[in-house]
Amino acid sequence: MAPTPARNTSTRVHVVSDVHGNARDLARAGEGADALICLGDLVLFLDYADHSRGIFPELFGVANADRIVELRTARRFAEAREFGAGLWAGVGEDRSKLIEGAVRKQYAELFAAFPTPTYATYGNVDVPPLWPEYARPGTTVLDGERVEIGGRVFGFVGGGLRSPMRTPYEISDEEYAAKIEAVGEVDVLCTHIPPQVPDLVYDTVARRFERGSRALLDAIRRTRPRYALFGHVHQPLARRMRIGATECVNVGHFASAGRPWVLEW
């Protein structure tokens, strides 16, 4: 009798980050995968490549978007905040309600595009209190938590660290480190921001160092996961590097690329 062919038991996971409003490609991102992982930044406040896209130009126009990008790119953050405050002063409506309404509109479209199953964590421009309203069955939100996928343990830590940009979900270094500690030893460590390594945190187009996490770097060296996956830096100096036994990968700026990063085992 001929031997029974071995079953194909491989697992394929697609990973995206920095979706920034790209619902069209997000709806296809899980095709052919056993699961989709999203590392945050669903919301698009302002597209630095196309200043006509996002909440900011919808409210204040492209010319004002051009100006605030110019100031931020020049690292003139105090001037950028003053300029933005002047624009909001002329609106005459409640700022938080306007932003929440625009964010809700984007979340309704983006969460509807998630396939089943999706495992997601927050980015620094996301608004975590709204996620429970839009995460449907089949979408699992994790932050400082673990989950098993295909026999491997994945840990998730969302959000960013405090910065001059003052984005919605920035937390203290201590709070972030506590979430890293809570995750512990995993096979794949999934975060929104990268470890604090110059080549991984420098954005070559924005011409600035973004904030990475020293606690994350220390955890990678200590716990030695197979992979450390992250986004946040849209055009990094280095998209991947090995730190000890760990392959560190920036999974890409999904808003512009429209393609997931693939992990298969």
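In what order do the six strands of the open sheet lie? The views below are of a predicted model, in which local features need pLDDT of at least 70 and side-chain atom pairs count only at pLDDT 80 or more, while totals for chains, interfaces and linings use all residues. Residues are numbered from 1 along each chain as its sequence is written, and side-chain values use heavy atoms, without hydrogens and water.

**View A. The open six-stranded sheet.** The strand order is β5-β6-β9-β12-β14-β13, and the pairing is mixed. Strands are DSSP runs (E, at least two residues), as are helices (H or I, at least four), numbered from the N terminus; two strands pair if DSSP finds at least two bridges between them. At the edges, β5 (145-149) and β13 (240-243) each pair on one side only.

**View B. Strands β6 and β9.** β6 (residues 152-157) and β9 (residues 188-191) run parallel and are joined by four bridges. Gly 155 stands opposite Leu 189 in β9.

**View C. The largest nonpolar core.** This core has 45 residues; a nonpolar core is a set of buried (under 20% relative accessible area, 1.4 Å probe, protein chains only) Ala, Val, Leu, Ile, Met, Phe, Trp, Tyr and Cys residues joined through side-chain atoms within 4.5 Å. Val 16, Val 19 and Tyr 107 are among those with the most contacts inside it. Helix α5 (95-113) is one of the elements giving two or more residues, and α5 gives the most, with six residues.

**View D. The second core.** This separate core of 18 residues includes Val 15, Phe 156, Val 249 and Val 251.

Methods
Buried < 20%, exposed > 50% of the residue type's maximum accessible area, 1.4 Å probe, protein only.
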